[in-house]
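This briefing walks through one protein chain, topic by topic. Keep the sequence and the structure in view while reading.

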Amino acid sequence: MRVRQKLRQAIDSLYTGGQATVGEYTRLMLDCIRANDVDQAKRLQSHMDLHYFTPNDTFLHNRLLHLYGKSGKISDARNLFDKMPQKDVISWNAMLSAYAKSGSIENLRAVFDQMTFRDSVSYNTVIAGLAGSGFSKKALEVFVRMNREGFEPTEYTHVSVLNACSRLLDLRKGKQIHGRIIVGNLGRNVFVWNALTDMYAKGGEIDRARWLFDRMSNKNVVSWNSLISGYLKNGQPEKCIDLFQEMQVGGLKPDEVTVSNVLGAYFQSGLIHEANKVFRLIKSKDKVCWTTMIVGYSRNGNEEDALNFFSNMLLEGVNPDNFTISTVVSSCAKLASLCHGKVVHGKAILLGVDDDLLVSSALADMYCKCGITKDAWIVFDMMRSRNVVSWNAMIGGYAQNGQDLEALALYEKMLQENFKPDSITFVAVLSACNHAGLIEEGRRYFDSISKHHALIPNLDHYACMINLLGRSGCMREAVDLIRNMPHEPNSLIWSTLLSVCAKRGDIEHGEMAAKCLFELDPLNAGPYIMLSNMYATCGRWEDVASVRSLMKSKNVKKFAAYSWIEIDNEVHKFVAEDRTHPETEIIYEELSRLIKKLQEAGFMPDTKLVLHNVVEEEKFASICYHSEKLALAFGLIKKPHATTPIRIMKNIRVCGDCHVFMKFVSKIIGRQIILRDSNRFHHFIGGCCSCKDYW
């Protein structure tokens, strides 16, 4: 502080004493550079200009250019450069360095092209600037030009071009450069070894990367990070964890990059508790660490924990970025938590990332998965730019919410705007055809996947077509499609066929699908239950007993069907005939009152859907207290006069009786109900459902 104060006083004295000598200007300029005081340097330059002082050579101006560039004063550097009466290669290189550091690539290339004479520093600066700003291909082109013009690349040149190869995943060029390094004996630098290790790891040759790593004599944190990150990217999280432990034994302190990769490895391995332990040991948690935890929990199906971590991140004063926000929004979508989703949307607006492509696409998807396609459309319509993910979110959202014609119209608009659909787009389009029962349109879109869009239909597309054909009564065609498709049928294909057979009562094909599923996924209870229910519907109780005996012998556990409803930011979960809720008595009273009111209007519980060999009274009691009905009753108790829809989520497909029940309730009490089951959304309004009774 004292040095800067003396420097300011010295320059103050210049302004009172008139013109200085060359020696005084030189001494003061060097003092400014040593003190890194750009403000006093600017004052000194102003004094020189004021007194029309012109140095005899470029020394002073070049030093000033470097100071401006290093301090980010690009416009000041450019103004000085343009006024310089004489320039040498050092002057030009100083401007190249300034533009490279600021990421001003257009100006960097323009200055480089204007140079009448270049040296190796010029080339190194441009290559590093281009590679560091993501212009990897251009960096390699300049490297080729450098060699062609006879300049010898340095070790640092090779680091830049190797990094460019890593980003391009261009192993062929990377290996060529590796060969040059060996021939030129330029591999002594640890930075070169690190760049080579990273290049091979990112290029998929992780064993070659490990070979290089093991032979490094002076490893630093970057060396360890390159290989740890490489193992993670190559799907070997266990080796990533082993290397991290080896690093700690060696006494090297990990940095934020190390920790982020290791947290990702624990989550990739499903070791959530271990990831949490590592996270708690971090003293200074940055944005990357918090985001890694949020992403890890979300991808492992722990969306509620992801939301809790996001809340804690904000409480700690760490600002999320667009990637964090998009992940949290996706967690809200999976939970169908509209309340939390709106809060995160508000936070995105405050942070100024709501119009980011990643965030806005996630927001559109979230509103669709919460059943609010109007809000999703507002987000989609306001997007300044879109990609295929954005279009897929909206097309799929319309399809899942019963707006099938809107989905197909939007798909056609997507094509008109010259966006190329991907495999996910066609799943949404075929789902829309399926829900609307548009068999001919479905066939046309399915055929267009390969004929017009150069894509190969995958198992998801075949499953959509099997569903569409089977539900439209073309069961023989659906089975032929399975037999003739180029893929080996998987669980999805046979589950789809079994579901269609259950809906149509086709025991013959249902047994065939169930048998295949028993072999492919013997511990999945779904196929056993579905086949058992098909037998029960036909009154084949011996076959029902046989299937249940098979389940018992294989130790197949039946999963619980449940529904949940969010009231005032709190989630309430119910199972069939649930009596664990604190307000059970009130809920059952409300539901009984509701059933009685509906019966007066003509509703009669469909006890034929109770697939157990019990007396009629037990069937009536069983079907009246399904989980979604309990959730509805609770919602009506807590929000009796609200105008907003009652929103219920269910983890399996809604049964026929509950579907009819919801239609009656929406008509009798005049309240919209939005029910999301495992298959789609059902919007019940005035006695009708958006699915048109086709689900």
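Which residues does arginine 167 touch, not counting residues up to four places away in sequence? Arginine 167 touches Ala131 and Ser136. The model is a predicted one, and the points below go from the whole chain to single residues and then to the spaces in the protein.

**The chain as a whole**

- The chain holds 37 helices and 6 strands.
- Its radius of gyration is 34 Å, whereas a compact globule of 695 residues would have one near 26 Å.
- Along the principal axes, the C-alpha atoms fill a box of roughly 110 × 60 × 55 Å.
- Of the 695 residues, 49% count as buried.
- The accessible surface comes to about 33700 Å², and carbon and sulfur atoms account for 52% of it.
- Take the contacts between residues at least 6 apart in sequence: 62% of them join residues at least 24 apart.

**Helix α10: threonine 157 and arginine 167**

- Helix α10 covers residues 155-168 and includes threonine 157; arginine 167 lies in helix α10 too.
- Threonine 157 counts as buried because its relative accessibility is 1%, and the cut-off for buried is under 20%.
- Apart from neighbours within four places in sequence, threonine 157 is in contact with Asn124, Ile127, Phe143 and Met146.
- Arginine 167 has a relative accessible area of 48%, so it is classed as partly exposed; that class lies between the 20% and 50% cut-offs.
- Arginine 167 and alanine 513 are 346 residues apart along the chain, and their C-alpha atoms are separated by 46 Å.

**Helix α14: serine 223**

- Serine 223 is part of helix α14, which spans residues 221-233.
- Is serine 223 buried or exposed? Serine 223 counts as buried, because its relative accessibility is 1%.
- With residues up to four places away in sequence left out, serine 223 touches Val190, Asn194, Phe213 and Met216.
- Leucine 196 is 27 residues from serine 223 in sequence, and the C-alpha to C-alpha distance between the two is 9.9 Å.

**Residues in loops**

- Valine 318 sits in the loop between α19 (303-315) and α20 (322-335).
- Valine 318 has 15% relative accessibility and therefore counts as buried.
- Valine 318 is in contact with Lys285, Asp286, Lys287, Trp290 and Met313, leaving aside its neighbours within four places in sequence.
- Between the C-alpha atoms of valine 318 and asparagine 484 there are 55 Å, with 166 residues separating the two along the chain.
- Asparagine 418 belongs to the loop between α25 (404-416) and α26 (423-436).
- The relative accessible area of asparagine 418 is 72%, so this residue is exposed; exposed stands for over 50%.
- Asparagine 418 is not a glycine, yet it has a positive phi of about 65°.
- Asparagine 555 lies in the loop between α33 (541-553) and β1.
- Asparagine 555 also has a positive phi, of about 60°, although it is not a glycine.

**The second largest pocket**

- The second largest pocket contains about 720 Å³ of space.
- Which elements give two or more residues to the lining of the second largest pocket? They are the helices α21 (338-351) and α23 (373-382), together with the strands β1 (562-567), β3 (646-650), β5 (681-685) and β6 (688-689).
- The lining of the second largest pocket is made up of 32 residues, and those nearest its centre are Leu338, Ile372, Pro645, Arg647 and Ile674.
- Sorted by class, the lining of this pocket has 13 nonpolar, 11 polar and 8 charged residues.

**The cavity**

- How many cavities of 30 Å³ or more are there? The count is 1.
- The largest cavity has a volume of about 40 Å³.
- Its lining consists of Pro55, Asp57, Thr58, His61, Met84, Pro85 and Gln86.
- These lining residues of the largest cavity divide into 3 nonpolar, 3 polar and 1 charged.

Notes: Residues numbered from 1 in each chain as written. Predicted model: local features only at pLDDT ≥ 70, side-chain atom pairs only at ≥ 80, totals over all residues. Heavy atoms only, no water. 1 Å grid on protein atoms, 1.4 Å probe; cavity = no way out; pocket = protein on both sides within 12 Å on 5 of 7 lines; lining within 4 Å. Points joined across faces, edges and corners; volume = space filled by probe spheres on them. Helix = DSSP H or I, 4+ residues; strand = E, 2+ residues; numbered from the N terminus. Nonpolar A, V, L, I, M, F, W, Y, C, P; charged D, E, K, R; others polar. Rg over C-alpha atoms; globule rule 2.2 N^0.38 Å. Buried < 20%, exposed > 50% of the residue type's maximum accessible area, 1.4 Å probe, protein only. Contact = heavy atoms within 4.5 Å. Areas by Shrake-Rupley, 256 points an atom, 1.4 Å probe, with all protein chains shown as cover.
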